[in-house]
Every structure is written in C-alpha cells, then in structure tokens.
Amino acid sequence: MDMHLGSVQISPHPLNIWKAQEQYFLRMQRNKEKKSMEKMGESNQCKRKLRVCVATCNRADYSKLAPIMSGIKSHPEDFELEVVVLGSHLIDDYGNTFRMIEQDDFDIGSKLHTIVRGEDEAAMVESVGLALVKLPDVIQRLKPDILVVHGDRFDALALATAAALMNIRILHLEGGEVSGTIDDSIRHAISKLAHYHACCTRMAEQHLIAMCEDHSRILLAGCPSYDKLLLSHHREDYMDIIKSWLDDKVQEGDYIVALQHPVTTNIQHSIKIYGLMLDALISFNKKTLILFPNIDAGSKEMVRVMRRKGIEQHPNFRAVKHIPFEQFIQLVSHAGCMIGNSSCGVREAGAFGTPVINLGTRQTGRETGENVLHVRDADTHNKIYHALELQFGKRYPCSKIYGDGNAVPRILKFLRSIDLDEPLQKTFCFPPVKDPISQDIDHILETQSALAVDLGGTNLRVAIVCMRGTIVKKYSQPNPKTFEARMELILKMCNDAMRDAVGLNCRILGVGVSTGGRVNPQDGVVLHSTKLIQEWSSVDLRTPISDALHLPVWVDNDGNCAALAERKFGHGKGVENFVTVITGTGIGGGIIHHNELVHGSTFCAAELGHIMVSLEGPECMCGSRGCIEAYASGMALQREAKKLHDEDLLKVEGMDMKLSEPITAAHLVSAAKMGNSKADAVLTKAATALGVGIINILHIVNPSQVILSGVLASYYQAPVQHVISQRALFSVQNIKVVTSDLEEPALLGAASMVLDYATRRIY
C-alpha cells in the first residue's frame with residue numbers, strides 16, 4: 001500500500017511495517033489476557049463459600065457435632081459456620097450446656113428456647129411444635145446452604161422438618177442405625193427428609209440404601225466423636241479427672257459409670273429397670289458416678305426414684321447433670337464398668353474395651369462389640385447384680401465398629417463436593433438394592449482392609465491387606481532381639497501403616513498377628529515360642545496392640561495362619577477339609593476340618609513338623625528324635641549339606657559355589673539336580689520322611705487335599721505324591737498334593753483372621 005503526501009508518493013520503510021505489526025499483536029495479546037483475567041474473576045466470584053448451619057439440641061449430639069464444627073471453622077476459605085442452639089442446652093436442670101459451646105470458642109448465632117417442661121409425651125409433642133414456630137425466622141435470617149442435623153431426637157425432627165419445608169439442604173448424621181424406641185421412627189423420618197447422609201457403620205449404610213436413599217449421597221464416615229475420643233484417650237491427667245468427679249481415694253478401674261434414660265414407648269418398664277439398677281449398684285458397693293437422665297418423657301419419674309433411694313446423699317454415689325465430653329471420655333475409658341442404656345455404652349465405650357451392661361430395650365438392634373452384656377428384663381435386682389459380677393474389672397479388645405478417628409476429614413470432603421446447582425428435589429432409588437460386595441467396590445470411599453503382622457525369626461513384617469487378598473503396602477524391619485524393642489517396633493510399624501492407610505483409602509478393621517510357636521488365640525497370648533524368636537514366651541500380644549491402636553487384635557501360630565490364607569485366598573477356598581504343610585526353615589502347618597481351624601485342647605494341634613517317623617532318627621530342635629522336621633526342614637537339609645561339604649562330597653562339576661558363601665539347603669538341591677548321588681540320597685530320604693508323615697495325617701484326619709507351602713514345596717510335591725501312592729491305604733492314595741500359589745501365606749493368613757472375624761455383632 002502506498003501513502004500519499006501532497007502529490008508525492010512515499011513507500012513505507014520495512015522497519016515501520018514490522019513495528020506496526022508488533023504493536024498490533026501486543027494489543028491483541030493484552031486484550032486476550034484482560035479477558036482471561038475477567039473470566040477468572042467471574043469464576044472466583046461464582047465459587048463462594050458454603051454456608052453451613054450446625055444445629056445442636058443437647059449434650060449428647062454436641063459431642064458428635066463439635067468435631068465437625070471445629071473442622072468447618074478451621075477452613076474459613078471453604079466454609080462459613082453458623083451455630084444454632086436449642087432444646088435442653090438452655091435448661092438449668094440439664095446443666096445449661098450451651099456454655100460449653102461458648103467455652104469451645106464457637107459463636108452462637110441463635111438460641112431458641114423450645115422445651116415445654118413436663119417430661120411426658122404431651123410435652124415432647126408441644127416442644128416439637130414450639131420449635132417449628134420459632135425456627136422459620138432463624139432459617140430465613142441465616143439463609144444457610146446446608147443444615148447439619150444429628151441423630152434421632154424430637155428436636156432434630158423439628159429442625160429437619162423446618163429446613164425441608166423451607167428448601168434448605170439437609171445433611172443427616174448417624175442415619176440408618178437401629179435401636180429399640182421411638183428414636184428409630186424419628187431417625188428414619190429425618191433420613192427421609194435429608195438430602196445427604198453421613199453414617200457410621202456399613203450396616204447403617206445398607207439400611208439407608210434399603211430405605212431407597214440415593215447411594216451417591218451416602219457417606220460412610222464413621223462417628224465424628226471418635227475423632228476426638230481416640231486422640232484424647234491417653235491423657236496424662238486422667239487420674240486428676242477421675243478424682244475430681246469421684247474422690248481422692250478412688251482407683252483406676254475401681255468405679256462404675258451409670259447412665260440410664262427413659263424409654264418413651266414403655267415408660268413404666270424403664271422406670272422399673274432404673275430402680276432395679278440402683279438397687280444392684282447399692283448392693284455392689286462400688287464408687288459410682290451416675291448422670292441424670294435426658295429430657296425425654298419419663299425422666300421426671302426416674303429422678304424421683306433416684307431421690308427416694310437417697311442416691312444423691314449416698315457415700316458411694318456422685319450424681320451429676322453434665323460432664324464435659326473430654327472428661328467423660330476419660331471416666332468411661334478407665335471405669336471398671338459402665339451400666340445403663342445410653343448409646344455411649346454400645347458405641348464409644350467399645351473403643352476402649354470398657355465392659356458395659358446394657359439394660360432394657362433402648363439399644364435393641366444396635367451393633368455392639370463383645371464388651372457389651374445385655375440384660376433385657378429383670379424382676380429383681382439379682383440379675384443385674386450378677387451381670388455386674390461378670391463384667392466389673394474386665395477388659396475387652398478395643399472395637400472400631402463406629403469409627404476409626406477420620407470421620408471429620410471425610411465429612412468436610414463430602415461437603416465440598418456438594419453441587420448447589422443440583423436440583424433440590426430428592427429422588428429415591430426404588431429398584432432392588434444392589435449386591436453389597438459390588439457397592440463396596442464401586443461407591444464407598446474406602447476398601448475394607450486389615451493390618452497383618454508376621455513375626456519371623458529374622459524379620460518383622462507388617463502389611464495392609466485388602467478384602468481380595470491384595471497386599472496394598474508392605475513394611476519390613478529386622479526383628480529386634482528383646483521383647484521391649486520388638487513390641488515398640490510392632491507398634492511403630494502399625495501406626496505408620498495406619499497413617500498410610502488413610503491416604504490409600506483403606507479402612508483398617510483390625511490387626512492379625514502371625515508368630516512362631518504355640519499360641520492361645522482365645523487370649524492372644526504366645527505360650528511358647530520357637531528358638532528362633534528370643535524372649536517370646538508367655539507374651540500377651542493382644543492387649544498392648546489393641547490398647548495402643550484401638551483396634552481388635554487376633555493372634556495365631558504361623559502354620560495355622562498359612563492354612564487360613566489357603567482357605568480364604570488359595571487352593572483351600574471352598575474345600576471343607578484340607579491340610580497345609582509349611583516346608584521352610586522348620587516344618588509346620590494347619591488343619592482345616594469342616595471349614596474350621598483345628599487348635600486342639602492345649603493349642604498344639606497341627607504341630608506337623610514334630611510327627612515322629614523314626615524311633616532312632618536325627619535329633620530335632622524340640623528335644624526328641626526322628627521328627628519330620630529333623631529330616632525335611634531347611635535346617636535339616638542345611639545340616640546334611642554341611643556334612644557333605646566338609647567331606648568334600650557336595651560340589652560337582654559345573655556347580656557354581658563361592659568359597660565365602662555359607663552352605664545352605666539350596667546347594668544340596670542344586671547338587672542333586674546336577675547328578676550328585678549323595679545329595680540326591682539325602683533329599684530322597686527327606687522327601688520320604690515328609691511323605692510318611694503326611695500319610696499319618698491322611699490316616700488320622702482324612703482331608704480331601706494337602707497343600708504344600710514354603711520354599712521347598714515345589715521340590716517336595718512330586719516325591720511326596722509318589723510316597724503316598726506307594727505306602728498309604730488305598731482309600732487315600734488318590735488325595736492330591738498341590739503346591740501353594742500364595743507368595744505371602746503368613747501375612748495373608750494374619751489378614752484373613754481380621755477380614756473373616758471382624759464381625760458386626762447384633763443383639
């Protein structure tokens with residue numbers, strides 16, 4: 001293009017054209033960046049904080065809601081917290097417990113006096129009505145995005161009803177559970193009003209699904225109170241707390257915590273049981289901390305019973321209206337027993353292994369640990385007194401049925417995932433409930449897993465093992481020589497694994513321990529160990545591990561664990577009767593008979609390595625002679641290999657053997673394969689001894705299958721099968737001897753104890 005100046009034509013300089021183009025592109029780039037920044041600003045404006053309203057009605061629900069409130073408050077970039085307090089929090093007779101919310105540094109946005117006094121059925125109905133009258137103004141003023149409601153109280157029903165009618169999304173905590181009162185109906189009614197659910201147990205999750213709730217809106221979180229109680233369980237000042245609520249002379253484990261509430265569907269029966277409980281406690285003559293009942297219908301009559309019996313003046317009793325949750329944890333965890341019908345007994349107390357006596361029907365249907373003894377009904381106090389005699393002073397394995405201490409992070413993550421643009425109207429999933437196994441894999445946040453511990457003579461190993469038998473992560477350290485160092489290392493490795501399990505989305509159900517020697521699995525005690533593991537006899541493994549990790553613990557012999565591994569993950573799956581024989585450093589094994597592991601009366605069944613096959617055979621480590629282990633174990637073969645080597649009869653031409661390396665069983669096998677007749681004769685004798693020992697097992701137990709496990713299994717399989725076909729009775733000659741496909745039988749067997757036996761008990 002030419003530029004005209006008067007009548008003279010001037011051609012533009014090429015440099016000017018380049019500068020003009022450069023300026024053009026710079027302007028385009030700046031405009032593009034400006035538009036991008038504007039879009040980012042619009043996006044940031046669109047992503048606003050989630051306004052969460054947490055409503056608490058009483059001391060019990062606050063213990064579950066407080067950890068969530070703290071979590072929300074600690075993330076101001078994501079959430080705005082509003083707190084509404086109503087119900088018995090604001091009543092002097094019940095401790096004015098709103099003050100502890102203020103002491104916890106929460107700003108209370110609204111206090112609603114909603115309780116109509118009377119403590120009967122009519123007063124409960126009127127209280128719900130009063131709450132429904134007052135709540136709309138509060139909800140309109142706060143305009144929350146979501147309301148968090150807990151549990152099954154009549155106050156919570158009023159909250160859920162008001163929020164649902166005012167188009168506020170509801171997150172319901174602890175839905176899907178079952179108990180024995182009107183609370184069931186209220187809890188399920190709130191679940192039907194709620195848009196989202198954070199439940200505590202697998203069974204509760206299944207109940208919600210069966211109630212046609214949308215599975216994608218159900219979070220299996222665990223109980224939020226466990227986040228606090230598991231952290232603060234081991235406080236150094238627990239004795240100061242105990243003495244402050246009882247007296248200076250009381251000792252740990254030498255007192256009782258009592259907490260009994262009315263059952264609104266059968267008030268007279270609950271009052272009768274309450275009176276009998278007080279009579280039994282008076283007769284039992286132990287220091288007792290007794291809490292006043294809640295505000296349900298019938299509580300006034302129960303208080304009258306307590307005062308008629310002079311409980312408040314009795315020297316053995318301390319009657320209180322409220323105890324802060326952190327201190328209540330210490331009192332329950334160190335009590336000799338807890339008695340009553342509070343959900344704390346079947347939920348939180350199990351985390352400490354505290355023995356519990358559950359009275360009446362208020363908790364019927366609740367999932368409980370083995371620490372709970374039920375007394376459903378009684379006509380005199382004798383039955384309750386007998387229950388106290390049975391339970392007081394016992395300790396049980398810690399149970400994590402209701403949580404593992406990580407509920408709050410899961411709930412916060414769940415809240416962040418809520419899409420406020422989704423339609424508010426609930427949809428119900430009416431088609432049949434899907435198979436629970438597929439639900440676990442496809443929908444829940446975590447995989448059910450076990451911590452497996454293998455105590456070997458050389459190494460100490462810990463693994464996270466999932467339900468399918470996959471080892472998710474494995475840890476290994478040299479096994480210390482002393483008991484104290486070994487226990488310290490076990491706990492450290494288990495704690496490391498539990499921390500990693502959270503990041504790996506693995507829910508740890510319990511701990512399984514595989515160890516050498518004779519084990520009492522009922523008590524979790526190693527009675528006598530092998531010589532390879534020093535200082536390892538009369539050792540209680542269950543108690544220290546369970547106390548430290550707050551998990552149930554199972555312990556068994558490594559041979560039995562190998563059999564359990566085969567039953568769940570290997571060749572023994574679906575086989576009713578089989579025997580596993582471990583061929584390693586020693587010889588061991590386990591017997592499965594009618595699908596159950598055989599332990600024997602003194603826990604030494606299946607000591608297969610010590611079946612005698614010769615009266616004058618080589619000496620065994622057990623002190624006897626002629627045992628299978630003295631012929632066929634890795635140590636026995638190593639002994640024979642050293643003898644041949646010392647006589648210069650082991651090495652053959654072409655055999656690679658360095659002068660500096662120690663002689664092992666592997667050298668003997670290698671020499672035999674390369675034509676060494678002396679080595680072959682030793683192995684033939686060993687295989688024959690093993691085969692004869694297995695024939696004895698076949699003739700006594702008559703299993704349908706023999707599984708060889710361990711490093712020598714592949715070598716022994718064919719010779720042992722041949723010995724059976726030649727020497728056994730005709731009726732057992734066709735029983736198959738197979739080689740295990742499992743790489744880690746000890747770890748998998750330890751895990752299988754947890755995965756098979758970490759049951760959800762229902763009464």
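Which residues of helix H18 (residues 542-549) are buried? The views below start there, after a short note on the model. This is a predicted model, in which local features need pLDDT of at least 70, side-chain atom pairs count only at pLDDT 80 or more, and totals for chains, interfaces and linings use all residues. Residues are numbered from 1 along each chain as its sequence is written, and side-chain values use heavy atoms, leaving out hydrogens and water.

**View 1. The buried residues of helix H18.** Arg 542, Ile 545, Ser 546 and Leu 549 are buried (under 20% relative accessible area, 1.4 Å probe, protein chains only). They sit on the same side of H18 because they cover an arc of only 95 degrees around the axis, taken from the directions from the helix axis to the C-beta atoms. An α-helix has 3.6 residues a turn, so residues three or four places apart point the same way.

**View 2. What H18 packs against.** The partners of its buried residues are helix H17 (483-503) and strands S20 (506-515), S23 (539-540) and S24 (553-557), with contact meaning heavy atoms within 4.5 Å. Helices (H or I, at least four residues) and strands (E, at least two) are DSSP runs, numbered from the N terminus. After H18 comes His 550, with a positive phi near 55 degrees.

**View 3. The centre of the largest cavity.** Here a cavity is a set of points on a 1 Å grid over the protein atoms alone where a 1.4 Å probe fits but cannot get out, and lining residues have an atom within 4 Å of a point. Of the 40 lining residues, Asn 58, Ala 60, Asp 61, His 261 and Ser 343 are the closest to the centre of the largest cavity. H2 gives the most to this lining, with five residues.

Definitions and conventions
On a 1 Å grid over the protein atoms alone, a cavity is a set of points where a 1.4 Å probe fits but cannot get out, and a pocket is an open set with protein on both sides within 12 Å along at least five of seven lines; lining residues have an atom within 4 Å of a point. Buried means under 20% relative accessible area, exposed over 50%, partly exposed in between (1.4 Å probe, protein chains only).
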